[in-house]
Amino acid sequence: MAILAGIFFTLTLILALNRHYSFYSTNDHGLFNQLFWNSIHGRLFQSSLSSGNSSASLIDGQPPSVSYYHLGQHFVPDFLLWMPIYALFPSATTLVVLQVALIAAGGLVLYALARHYLSPILSIAIAASYYGANAVIGPTVDNFYEQCQLPLFVFGLLLALEKRLWWLFWLLVVLTLGIREDTGIILFGIGVYLVLSRRYPRVGIALCTISFSYVVVVTNLIVPLFSNDNSRLYLGKYFSKFVKSENPTTLEVLWAIATQPGVIIEVVLTRFDQRVRYLLGQWLPLAFVPVISFPAWAIAAFPLLVLLVQNNVDAVSINTRYTLSVVPGLFYGAILWWHSNSEKFKPRFRRFWIGCIALSLFFTFTSNPHKSLYFLVPYSIKPWNYVSLNHQWEHAAHLRTVMKSIPDDASVATGGYVIPHLSSRREIVRLPFIQLQNDEGKIVDVDYALVDMWQLQQSKLAAGVDWRKIKASVPIIDQALEQEKYGIIDLQDGVMLLKKGVPSNSQAKSAWLKLREELRPIWQA
């Protein structure tokens, strides 16, 4: 089992680190790195990058603020657990390693949970399914997200439940709630299962009550103390089919979902094929056992329903972090089903199960999760779009050379996939923002702007949103140069660095004007 976990940890860590150092990690990774960096420097949960994702910036057009609290978007107190580690190794790379380690550790706890009911070989099969699941590998090689803590804590509390270690069970309930404001939905499903199965009905009722109350109190009373972004950006946007209010409360959303079954059917039938593929992808590594497991449905139904009825396309993408909210219920349900049906674990079914895991790995590989396999899998066949490992690392070397000219304490504006590498600072914003509100409350222009036009030449290789933002930044660069606010001080391999209050380097500016004309058909399209 340790070998299996070690292989998963090693391979996913290599892929995740290569993705990060190849400049394929994106804005959100930088956002969380800046949040950690600010926190260990005495400014808990503040982030100018998170401010750039706020409704004030995205909808009202206000410059991001360095003193913005991320807690207005998501309530994530569990990050405090990992800040001592980050304080020892204050780098965006630390978050890459932390995420891989937490998800790999979740598999070890899952194995211990399986061993409570099953034979060693069946337990290893369950763990192998976990490490071979697209829904696990995809989030592991993604940017750092809160959900990476879910498998470890939820499998842990289920194991504590089986061992009747109640102090540990309730401690892990608290830690699970602390991951994010909506993780109470997972615990609510576990509570419903405990009641319906009559195993621990009192515990189940208590768990339902606590988790439901927590979600309501945090989203309605605590998060709004920081900003209205949680309701305005997420609830109002993702559940707009159910509620028409711009700032709905959690209770309004839940009531609207519960009282409009017709809308649920309408939403589920929208992009129905994508939702079916998502479910098949979740069931595949477990040989479809969760389909016939009552505990799997009882526990996973609630987080699954929340994902299926959202307008958010990423919610039902098998590679995103959202899938981790469904994983614990499916795997625990599979364990309990095999406990009652162990006689069905015969050679023929074993071969079928191995085939399912192999197929899951194949689909994971061909989906190229978060560009982590960009050097093996082309972005597209028609038109042919592929970047070799050498080509990408050569470009990364140019980026690092240009970044060395930016002082550690300078303010910066840059594109999403460069942000993680410059986010260990107080003042950084994502293009096309080029201003921010500093600690004195003043709106100021940033000291440096780094734009990677190479990305425009490699159409759609990077995240689409970033590509559009960089494309939109061309007119901003033109304006900054015309007003002589900034000068171009370096340009190499399409990477351009502008500095505030200095004249342009003549060679760099000539190179920019030439490149600008070459790119005109793209940025004017």
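**View 1. Salt bridge between aspartate 142 and arginine 19 in the predicted model.** Aspartate 142 and arginine 19 form a salt bridge in which the closest N and O atoms are 3.7 Å apart. With a cut-off of 4 Å between a side-chain nitrogen of Lys or Arg and a carboxyl oxygen of Asp or Glu, the count comes to 11 salt bridges.

**View 2. Packing of helix α6 against helix α18.** Helix α6 spans residues 92-115 and helix α18 spans residues 327-340; they pack at an angle of about 25 degrees, and their axes are 10 Å apart. Angles under 35 degrees count as roughly parallel, so α6 is roughly parallel to α18. The crossing of the two helices is right-handed. On the α6 side the contact is made by Leu110, Leu113 and Ala114, and on the α18 side by Phe331, Tyr332 and Ile335. These contact residues divide into 6 nonpolar, no polar and no charged.

**View 3. Packing of helix α17 against helix α18.** Helix α17 (residues 294-308) packs with α18 at an angle of about 165 degrees, with 7 Å between the axes. The cut-off for roughly antiparallel is over 145 degrees, and α17 and α18 are therefore roughly antiparallel to each other. The crossing of α17 and α18 is right-handed. From α17, the contact residues are Pro295, Ala296, Ile299 and Ala300. From α18, they are Gly329, Leu330, Tyr332, Gly333 and Leu336. This contact has 7 nonpolar residues, 2 polar and no charged. Tyr332 of α18 is listed in the contact with α17 and also in the contact with α6.

View 4. Strand β1 (residues 412-414) pairs with β2 in the parallel sense over 3 bridges. Within this pair, alanine 413 stands opposite valine 429 of β2.

**View 5. Cis peptide bond between leucine 431 and proline 432.** Most peptide bonds are trans. The bond from leucine 431 to proline 432 is cis, and its omega is near 15 degrees. Proline 432 is found in the loop between β2 and β3 (435-437).

**View 6. Positive phi at lysine 371 and aspartate 493.** Most residues other than glycine have a negative phi. Lysine 371, which is not a glycine, has a positive phi of about 65 degrees. This lysine is placed in the loop between α19 (347-367) and α20. Aspartate 493 also has a positive phi, near 50 degrees. Aspartate 493 is placed in the loop between β6 and β7.

Note on methods
Residues are numbered from 1 along each chain as its sequence is written. This is a predicted model: local features need pLDDT of at least 70, side-chain atom pairs count only at pLDDT 80 or more; totals for chains, interfaces and linings use all residues. Side-chain values use heavy atoms; hydrogens and water are left out. Axes are lines fitted to C-alpha atoms, for helices over the stretch in contact, and angles run from 0 to 180 degrees between N-to-C directions. Helices (H or I, at least four residues) and strands (E, at least two) are DSSP runs, numbered from the N terminus. Angles under 35 degrees count as roughly parallel, over 145 as roughly antiparallel, 65 to 115 as roughly perpendicular and the rest as oblique. A crossing is left-handed if the near helix is turned anticlockwise from the far one by less than a right angle, and right-handed if clockwise. Contact means heavy atoms within 4.5 Å. Ala, Val, Leu, Ile, Met, Phe, Trp, Tyr, Cys and Pro count as nonpolar, Asp, Glu, Lys and Arg as charged, and the others, Gly among them, as polar. Two strands pair if DSSP finds at least two bridges between them.
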